[in-house]
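Hi,

Have a look at it first, and then read on for what was found.

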Amino acid sequence: MADFHGVFPYLVSPLDPAGHIRSEVLGRLCDDLIKAGVHGLTPLGSTGEFAYLNNAQRAQVVHTTIEAAGGRVPVVAGVASTSTADAVAQAKAYQKRGADGILAILEAYFPLPDAQVESYFRAIADAVDIPVVIYTNPQFQRSDLTLDVIERLAAHPRIGYIKDASTNTGRLLSIMNRCGDNIKVFSASAHIPAAVMLIGGLGWMAGPACIIPRQSVELYNLCRRGRWDEAMALQRKLWRINEAFARFNLAACIKAGLSIQGYDVGDPIPPQAPLTDDQRKVVAAALQELD
């Protein structure tokens, strides 16, 4: 099992008006994030608008990220579908392209019982030879991962990580207590990363790390060294970014922040809308305050 830890930015998916992936922009962003010290990259997470991309666009995002990373940091590629067969096909294709891990996401149109939720994630893990991070986000998923399902999946030899975006930090502690060393927990931006690190988390996968990578890495390092007073002082400063992220559309917020920083990532994919001028000023003010 690979040792994933630290800060994994959820990458945006830059598109031009015709729907083509802006590979040069994405490649530059990946390179800059790596130079800023991030520990890995996650294309096709929530901030990557995976639900709005077709399979060709998704494949291009993953390919571009792997090429830009060049083996310097692990790339954990998002796999999402309503269909088990399609999710398995994506996972196999991304492993073949060189992904170091899979972030497994369940898209559900109809609610699913626990057995079918479990079978979806198990099928993905059975299909690849690389580590799988299971992802749960009750705000967006019709069928969530229960603690019982997580505990059973944690016994799978390739499922060693979970990213939980429930906003319930007590749930994270329950996962740790139940699963022990079988599964390691990544925080989401919905949690307070320093608090998750304090209870035993090993890092976070989150969109805001795209626009504040150096500060995110600094926060992680302070937590790892047990310098909790300094970590919480920095966490309080960074929380304004998380508040904006939660307040506005996910991709629109991070794309606006990157645009302010000089990355031509384009607008979020319709029917999502870009931030209004007033909303963009909130993001700009938060970034300026950190600078």
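**Pockets, a cavity and packed helices**

Let's begin with the second largest pocket, which has 21 lining residues; Gln139, Ser189, Ala190, Phe245 and Leu250 are the ones nearest its centre. Please keep in mind that this is a predicted model, where local features need pLDDT of at least 70 and side-chain atom pairs count only at pLDDT 80 or more, while totals for chains, interfaces and linings use all residues. Residues are numbered from 1 along each chain as its sequence is written, and side-chain values use heavy atoms, without hydrogens and water.

A pocket here is an open set of points on a 1 Å grid over the protein atoms alone, with protein on both sides within 12 Å along at least five of seven lines; a cavity is a set where a 1.4 Å probe fits but cannot get out; and lining residues have an atom within 4 Å of a point.

The volume of the second largest pocket is about 290 Å³ (the space filled by probe spheres set on the points, which are joined across faces, edges and corners). Helix H9, residues 228-247, is the element that gives the most to its lining, with five residues (helices, H or I with at least four residues, and strands, E with at least two, are DSSP runs numbered from the N terminus). The lining of this second largest pocket divides into eleven nonpolar, eight polar and two charged residues (Ala, Val, Leu, Ile, Met, Phe, Trp, Tyr, Cys and Pro are nonpolar; Asp, Glu, Lys and Arg are charged; the others, Gly among them, are polar).

The largest pocket holds about 360 Å³ of space. It has 18 lining residues, and Ser46, Phe50, Ala51, Tyr52 and Phe140 lie nearest its centre. Strand E3 (101-106) and helix H10 (250-260) are the elements that give two or more residues to this lining. By class, the lining of the largest pocket holds ten nonpolar, five polar and three charged residues.

How many cavities of 30 Å³ or more does a search of the whole structure find? The search finds one. The largest cavity has a volume of about 90 Å³. Ser189, which lies nearest the centre of the second largest pocket together with Gln139, Ala190, Phe245 and Leu250, is also one of the residues lining this cavity. Strand E7 (203-206), helix H8 (213-224) and H9 each supply at least two residues of the cavity lining, and H9 gives the most, with three.

Two packed helices are described by the angle between their axes and the distance between the axes. The axes of H8 and H9 come within 8 Å and cross at roughly 155° (axes are lines fitted to C-alpha atoms, for helices over the stretch in contact, and angles run from 0 to 180 degrees between N-to-C directions). H8 and H9 are therefore roughly antiparallel (angles over 145 degrees; under 35 is roughly parallel, 65 to 115 roughly perpendicular and the rest oblique). The crossing of H8 and H9 is left-handed (the near helix is turned anticlockwise from the far one by less than a right angle; clockwise is right-handed). Among the residues in contact are Ser216 and Leu219 of H8 and Gln235 and Leu238 of H9 (contact means heavy atoms within 4.5 Å). Those four also line the largest cavity. By class, the H8 and H9 contact has seven nonpolar, three polar and two charged residues.

H10 and helix H11 (residues 277-290) have axes that come within 10 Å and cross at roughly 60°, so they are oblique to each other. H10 passes H11 in a right-handed crossing. Cys253, Ala256, Gly257, Ser259 and Ile260 in H10 meet Arg280, Val283, Ala284 and Leu287 in H11.

Helix H2 (residues 55-69) and helix H3 (residues 84-97) pack at about 30°, with axes 10 Å apart; H2 and H3 are therefore roughly parallel. Their crossing is right-handed. The contact includes Val62 and Ile66 of H2 and Tyr94 of H3.

**Two backbone details**

Pro270 and Pro271 are joined by a cis peptide bond, with omega about 10°. Pro271 sits in the loop between H10 and H11. Glu49 is not a glycine, yet it has a positive phi of about 60°; Glu49 is in the loop between helix H1 (23-35) and H2.

Happy exploring!
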